[in-house]
Amino acid sequence: MDNKGTALDFTPAGVLAGGGNAVVGLEAATATLRALYKPGSPKAEAAGLYIASAFDDALRVAIERSAPVGPAQLAEDAGARDATWWVRWLAGVRDASLAVCDAYWCVPSASRNTAGNGVVRLRLATSVVEALKWSACDRFSPDGLLWHRLGALYADDREARAAALVAGDVPGVAREYVRAVAYHSANLDQFDLRTAIVLIHLIDLCLPFVSLSRTPAPHPQYVVCPESGQPPVRQSGGRDAAALYFVPWSADELLADFEAQLLVGKVPAVLGKLPADTVLAAIRYLRRQWSTRPPLRLRRRYPQDAGLEVARGLEQCRGILGGSRPAVVRAWKARDFSRNGLYVLASSDPSGAWPDIGELLGVHFTDGDGWQLAVVQRLRMWPDCAGLGLELLARKPMLVTVDDGQRAIDAVLCDAPQQGEAVRLILPPGALGADDTVFMKADGAVYKLHFLEAKRVESDYQLSAFQVL
């Protein structure tokens, strides 16, 4: 019997191929690396840098081929995969990247002498930045250990430490440090996977035009001290001799040129097959974020320590507004609040998954009255908890019925209706046509509404604006 066609491929590329399933390959690669590379293990010494490097190289190829978007191609099966699959894919990419990074640091010749071989040091630094990048895309908080590793590598680079300007156009450990700060400045954890990947490609193209300077500018900018091992923070004013200041403004000319070409229907060759609409939105975001007047917090935050009950999703929110108790008990904490939002610390969730960006939540202060509705705008995860930034949609939401003449639809009213003014309704997605004029029954009265726009469309709800006629 000829088994040639079914022979197993145990090379790193073969493992990551996963029999044609990218998720299986990523998870198998992570398991293999974790089994081989453990601190102090003789297996790690025997495997050395060779096996870790082979997995590192194969992983980058596997990610590029399986990602939903890329300059070279669009994944043929991207549309066929559901959201759950892509969540698992991203977790697999993050875990595999961390496993590669940890594998390098388990090899004594690499971890004990970071000032040694320049090629080895560059591989170490690159693996750290890749792990930071994919952790951010997967909504994980900046990893202190990874920034500590990167800072240690940078501190051993005497030439970079002595330079007044650390440019992003010369390959080396210093450039990897610039790349890490650039990714951090883009807040990758605030975006869906496709947009985050587009932002990554844009940042990589801009890297020769961004730098780290010893001299602060008179504008808000990200600041980092490599020796501290801490992630960058954005600030304005002050000067620290040990600090590096992120200087991204020279990249604006390149981004402006990309934007101008896209506006006339041309796709720059370097952007390849990246989706033009996503690229244009990402360019505009990056130009704002990297401008001399970046977006700043407009409303003051006030510290708070209050208990919250939380309901998740449109169905549960309609239930609690109708007077029922949440089927699942979540007791979280509000840590601060502003005029239109909350920062919530969640210790655990019985569902086993944290709310993602865009999810609708019902929140009830345990010492207050009634329920409010909010949407998740930011999520950062730690191993045992998560921080959620919530935008309040309605302080006094109301259950209503909307009738388009053919059917009655249960909805949630966010605003008090006044003739001539706009109100927002939360409905099942696609429940109404774009040009529908409908009637709303609310609190014993009937209102005629004209559809204005869909302000937000998610998997289980749609937030739409209507004018009260």
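Reader: What radius of gyration does the protein have, and what would a compact globule have?
Author: This is a predicted model, and its chain has 469 residues. For that number of residues a compact globule would have a radius of gyration near 23 Å. The value for the protein agrees with this, at 25 Å.

Reader: Which share of the contacts with a separation of 6 or more comes from residues 24 or more positions apart?
Author: Contact here means heavy atoms within 4.5 Å. Among contacts in the protein with a separation of 6 or more, residues 24 or more positions apart account for 63%.

Reader: How far apart are the mean positions of the positive and negative charges?
Author: The protein has 50 positive and 52 negative charges. Their mean positions are separated by 4 Å.

Reader: Is Gln-372 buried or exposed?
Author: Gln-372 is found in strand S10, residues 372-381. Leaving aside residues up to four places away in sequence, Gln-372 touches several residues, including Leu-361, Phe-365 and Arg-395. A residue counts as buried under 20% relative accessible area. The relative accessible area of Gln-372 is 15%, so Gln-372 is buried.

Reader: What is the relative accessible area of Ile-203?
Author: Ile-203 has its place in helix H10, residues 193-206. Not counting residues up to four places away in sequence, Ile-203 touches Ala-182, Tyr-183, Ala-186, Leu-286 and Trp-290. Ile-203 is buried, and its relative accessible area is 0%.

Reader: How far apart in space are Ile-203 and Tyr-183, C-alpha to C-alpha?
Author: In sequence, Ile-203 and Tyr-183 are 20 residues apart. The two residues touch. From C-alpha to C-alpha their distance in space is 7.2 Å.

Reader: Over how many bridges do S14 and strand S17 pair?
Author: S14 covers residues 422-427, and S17 covers residues 462-468. In this pairing Ala-422 stands opposite Gln-467. The sense is antiparallel, and the bridges number six.

Reader: Which residue in S14 stands opposite Leu-413?
Author: Strand S13, residues 408-413, pairs with S14 in the antiparallel sense over two bridges. Across from Leu-413, the residue in S14 is Leu-425.

Technical notes
Residues numbered from 1 in each chain as written. Predicted model: local features only at pLDDT ≥ 70, side-chain atom pairs only at ≥ 80, totals over all residues. Heavy atoms only, no water. Rg over C-alpha atoms; globule rule 2.2 N^0.38 Å. Lys, Arg positive; Asp, Glu negative; His and termini not counted. Charge placed at Lys NZ, Arg CZ, Asp CG, Glu CD. Pairing = 2+ DSSP bridges. Helix = DSSP H or I, 4+ residues; strand = E, 2+ residues; numbered from the N terminus. Buried < 20%, exposed > 50% of the residue type's maximum accessible area, 1.4 Å probe, protein only.
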